[in-house]
Amino acid sequence: MSRIHDMGGRFGDGKVEVDAPDAPVFAEDWHARALAVTLACGALGQWNLDTSRHAREKLSPRDYTRFSYYEKWMAGLADLLVAKGVLTREELTKGHADGPSQLAERCLVAENVPSALSKGGPVDRPSDVAAKFAPGDRVTTRARARNTLVDGGHTRLPTYAQGATGTILRLHGAHVFPDSNAHGLGEAPEPIYAVVFDAAELFGAPERVGDEVILDLWQSYLSPA
Amino acid sequence: MPHDDHDHSVLPPDPALRVKALETILTEKGLIDPAALDAIIDTYQNKVGPQNGAAVVARAWTEPEFHAALMADATAAVSEMGFYGRQGEHLVAVENTGDVHNMVVCTLCSCYPWPLLGIPPAWYKSDAYRARAVREPRVVLSEFGVTLPDETKLRVWDSTAEVRYLVIPRRPDGTEGWSVDDLAAIISRDAMVGCGLVTVPA
């Protein structure tokens, strides 16, 4: 049911290795290149942010674990480019294009980079789904953190917070629903809330009684407690 | 196709060559402008970074009206300073006090407020931080050299959606009368993720 990326609360990862405050933004030149290639390909408009997250999550656990951060980005991107028909597997194998792409007119050119990056991609939308909850309401998350539209599909309810009861802290408005949007099933915007959980509810014995964890959760994930 | 036979597996094993191969094919197809890649890199290497967030925090410390606007609608308040864009479309500011300390993680990937803090550091993207920040945040903080008093409640924000959180650290004693620029200079990236405290340099 879960995928390898869903690691919140996992044991065994060791200490956090804190980078020096003056560490370069990109440790290697190819990290910068990988980020830029990924953003430039996103501008072609063949997928959305949820699709690209799912492409990385779909990497095999073996690849996800052994790949560094930007290797995951590259692998997810290569898989997505082939899946969407932007490139062929043969082109990836050869390392060269078979010919120009029909999408070339969508290519992000240098002069448009500032506007593309500063425009962003807001996900708030008008929605006809009424908000069921208000701040202070008690809610319980889905008993199993799973995509109910697509088996093994993308979802943003982490396993560590499945079946947990918390309290609505705030309503953020209505946002695009990733479980649908990642799979080309439409944006299906619905209310989304910050929900506060007692750490003891999520993990049993907390480090300190009263500490809290807050998650942003779509209404579909929640039912009245 | 066998389970592990993903399309990416046909690319060269060396990551630098893998990126180069993708860039070459995409450029030949007319889908990528190498100069655009340079412009994207220049943006996040030189223009957008924690200095933006520090300017926001320093202003919030010194201008009560801006502080109120930031806490009410952070997206609008920082847009007015020119900070908006990719991965910063829906911002919320959370403020540290003696009673509450806030800390931000993204357990599912590495969501981070790019227009205010730039590209996340390696530690933020690491499995260790993603896995442990929700379960044992106080131990994680100790690895950053931060110890919270027991009377301070810890709130960990897991960025599971497109809302991005900016931590407003506590203003240290001894900075009364400081200029906004002098204040901004001591506000670290880690403090704005909730993994550091702002201190006056000795």
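1. A salt bridge here is a side-chain nitrogen of Lys or Arg within 4 Å of a carboxyl oxygen of Asp or Glu. With that rule, chain A and chain B have eleven salt bridges between them. Keep in mind that this is a predicted model.

2. To pick one example, Arg10(A) pairs with Asp127(B), and their closest N and O atoms sit 3.4 Å apart.

3. On to polar contacts: 43 residue pairs turn up across the interface of chain A and chain B, counting pairs where both residues have pLDDT 80 or more. On the chain A side, helix H4 (residues 69-83) supplies the largest share of what touches chain B, namely eleven residues. Sorted by class, that side of chain A comprises 58 nonpolar, 17 polar and 24 charged residues.

4. How much area do chain A and chain B bury between them? About 8,200 Å², with 61% of it on carbon and sulfur atoms. As for who takes part, chain A brings 99 residues to the contact and chain B brings 87.

5. Have a look at the strands too.

6. Last, the annotation. An unreviewed UniProt entry puts "domain: Nitrile hydratase alpha/Thiocyanate hydrolase gamma" on residues 15-195 of chain B. In the model, that span is 49% helix and 13% strand, and its end C-alpha atoms are 30 Å apart.

Technical notes: Residues are numbered from 1 along each chain as its sequence is written. Chains are lettered from A and ligands numbered from 1 in the order in which they are written. This is a predicted model: local features need pLDDT of at least 70, side-chain atom pairs count only at pLDDT 80 or more; totals for chains, interfaces and linings use all residues. Side-chain values use heavy atoms; hydrogens and water are left out. Contact means heavy atoms within 4.5 Å. Buried area is the accessible area (1.4 Å probe) that two parts lose on being put together, summed over both. A polar contact is a pair of N or O atoms within 3.5 Å; within protein, one must be able to donate a hydrogen and the other to accept it, and residues adjacent in sequence count only if both atoms are side-chain atoms. Helices (H or I, at least four residues) and strands (E, at least two) are DSSP runs, numbered from the N terminus. Ala, Val, Leu, Ile, Met, Phe, Trp, Tyr, Cys and Pro count as nonpolar, Asp, Glu, Lys and Arg as charged, and the others, Gly among them, as polar. UniProt positions are given in the numbering used here, feature names are shortened, and annotations may be inferred rather than shown by experiment.
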